[in-house]
Every structure is written in structure tokens, then in C-alpha cells.
Amino acid sequence: MGVAPGGAHGMAVVRTLACDTLLTCKGLCEPGLLEAAVDRGLALEATLSRTAGGSDVSRMNEARGEWVEISAHTERLLKAAVALSCATGGAFDVAVGPASALWDFREGATVPDGAALEEASRHVDAGLIEVHEGWARLLDPEARVDLGGIAKGYMVDELVGYLREGGCEQGIVDLGGNVSAFGEVPSGGAWSAGVADPLAAGSLAATIELTDGALATSGVTERAFRRDGQAYWHILDARTCRPASTDIASVSVAAPSAFLAECWSTPLLMMGAEAALAFAESKPLLECLIVMLSGERLQTSGGRSELF
């Protein structure tokens, strides 16, 4: 854990690794409060991670259909995940674990064979998740849950709430690009959050100003490979167990909470540009910026669109 106390205007910063990415907490407060917030984040990771031994999720996945006691955090996320799967017609599904285990988008660049994907698809269904008063189980022993697609936004909101309850009135939390800011920067005005350009490494596609709001981005270019002229990326359509078919390189969603922003960034990307823009326009709490694979940029026309 890295601590940088008392810079300009007394702003302190604490950074550490969490969820295989960088967690940064910055606030106009004592470094100890930020350190405690980071510790809280690491504890949440240990609860929600698919790979951490003893986590709620790993115990569910290993229980082969038996009931497992879970935390209130896990229960909230599982219920939200089931609702999100229904809202997306099953395209986004946290129970996609049997399929995602077959793909390797990092070192091996593996393309599974059709038979293996067909078999995996038999065990992919958020409807297999059953939750009841602090307990959960998977109705199919071969089903596997991975909350990675929605957990980071939830964690960011939890840390922002913790900091505010601790008396911090100005700050920002960033977990791998899931960003939430509260209050103003010490010098006055909004916080600035950059949106990476998915088609030009090291460049920004846009900047959004946040005071009490959040931003999340989903993209297809960071974890991807090409094989026989075909591009494959890590965002899987749970209905096919294959990379989502889309004309979008990235979608950035601004929303009142990091959880809401993250919940919709990936489903919007999977919809394709035209449908995603129409959907976001219909939701008053969402604003989005779409960078298409062609390089064209689209954005919603709501009250916050000028911030992009």
C-alpha cells in the first residue's frame, strides 16, 4: 500500500492493488481514513472474488448445489446480477463461469472448440442462482458465478460511503477505471476523469467532470487477440458463450453511482451502437459516450452530455 499524505490543499492519496488492478483513494482528510477505506476494499475483494480461497463466491462455486452462508454484500450483488441478466435478455450473466473458463485472452490466446462451448452453455444461466436470507446456492452443480463484471463499481460506492461517513467531504475513488467523485476539488470546481481512447493507446477520447457522480468504461481492446484474421475479446455474450458481436470499441457511462455505471457499461457495449444509444437515451440517470470500432463517436443528448 502506498501513502502520499498532505499534498496541495492537504489532499492525501492511498494506492494499492485490488481486483487485479489499481485502487486509488484520494481525499481531503487524514491518511489514516483513506488507509482504512482501502483495507475495507481489500476485505470486500476477499469476500466477492471468484479466485480467492474461502470467498463467498468461491465457496458457492465449490459447493456443488449445497447452500452456502454469504455476506450481505454478496447477497445484494447476486440479487442485482439476476435482475441484470433478466433486463439484458441473458446477454450479461454472472453465471457465465463455465464458458469464461474455456477462454484465455492473456497468454494462451485460446479459442475453444464448438463442442466444449455447447457443453458449457448448458450450465450458464443466472436463473440457477438461488438466494435466501443470507444463504445462496447454485441449482446446477456445474454452474459457476463470477461477480467481476459488477463488483468493482459496488466496491467503489462502498468506499465512497465509508469516507463520507468518516467526515471526508471531498474525494475520489478509482478502482481500475470505475471512478466516483464527491464534493469539489479543494481549489473549487469539479473533478476530472479521463476516458481512455480504445483505438489509440496512451490517448484520451474525452474528459468528464464529476462532482457527485461516477463513471465506468467497458471496452474490447484491452484483453483481446486475433486468430486467423478474426478478433476475439474478453466480453462474452452469455447466450452464445462467445465474444459479444458488436460495432463498439468502448462505452463510458456516467451515472449517480459507480455500481449503476458499471452495471450498464458492458450490456450497452454488447447491444451495439444504435441500440445502446437509444437505450441510454431512454434512461434519465444514464449518460454515455460510445467509441465505435470505426472511430466514430456517439453520445447521449441529456443534461450531462456536455461534460464529455
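In which loop is cysteine 19 found? Cysteine 19 lies in the loop between β2 (12-18) and β3 (21-27), helices (H or I, at least four residues) and strands (E, at least two) being DSSP runs numbered from the N terminus. The model is predicted, so that local features need pLDDT of at least 70 and side-chain atom pairs count only at pLDDT 80 or more, whereas totals for chains, interfaces and linings use all residues. Residues are numbered from 1 along each chain as its sequence is written, and side-chain values use heavy atoms, with hydrogens and water left out.

With a relative accessibility of 24%, cysteine 19 counts as partly exposed; the classes are buried under 20% relative accessible area, exposed over 50% and partly exposed in between (1.4 Å probe, protein chains only). Apart from residues up to four places away in sequence, cysteine 19 touches Glu45, Lys152, Met155 and Leu175, contact meaning heavy atoms within 4.5 Å. The C-alpha atoms of cysteine 19 and leucine 44 are 9.9 Å apart, at a sequence separation of 25 residues.

The secondary structure of the protein comprises eight helices and 18 strands. The radius of gyration is 19 Å, close to the 19 Å that the globule rule gives for 308 residues, so the protein is as compact as a globular protein of that length; the radius is taken over C-alpha atoms, and the rule is 2.2 Å times the number of residues to the power 0.38. The C-alpha trace spans about 60 × 45 × 35 Å along its principal axes. Of the 308 residues, 48% count as buried. Among contacts with a separation of 6 or more, 59% are between residues 24 or more positions apart.

Helix α6 (residues 148-165) has 18 residues, which at 1.5 Å a residue should span 26 Å, in agreement with the 26 Å between its end C-alpha atoms; the expected span is 1.5 Å times one less than the number of residues. Buried residues of α6 include Lys152, Tyr154 and Met155, and what covers the buried residues of this helix includes β3, α1 (31-48), α3 (72-87), β7 (171-175), β8 and α7 (258-271). Glycine 167, which follows α6, has a positive phi near 100°.

Strand β11 (residues 213-219) is largely enclosed by the rest of the structure, because five of its seven residues are buried. Strand β8 (residues 178-182) pairs with β11 in the antiparallel sense over three bridges, where pairing requires at least two DSSP bridges between the strands. In this pairing, valine 179 stands opposite leucine 215 of β11. Strand β16 (residues 248-255) runs antiparallel to β11 and is joined to it by six bridges; the bridge partner of serine 218 in β16 is valine 251.

Six aromatic pairs are found in the whole structure. Rings of Phe, Tyr and Trp (its six-membered ring) pair if their centres lie within 6.5 Å, with planes under 30 degrees apart counted as stacked, over 60 as edge-to-face and the rest as tilted. Phenylalanine 105 and phenylalanine 225 form a tilted pair, 5.8 Å centre to centre with 45° between the planes. Both phenylalanine 105 and phenylalanine 225 are buried. The ring centres of tyrosine 154 and phenylalanine 259 are 6.0 Å apart and the planes lie at 80°, so this pair is edge-to-face. It links helix α6, which holds tyrosine 154, to helix α7, which holds phenylalanine 259, across 105 residues. Trp103, Phe105, Phe225 and Tyr232 form one aromatic cluster.
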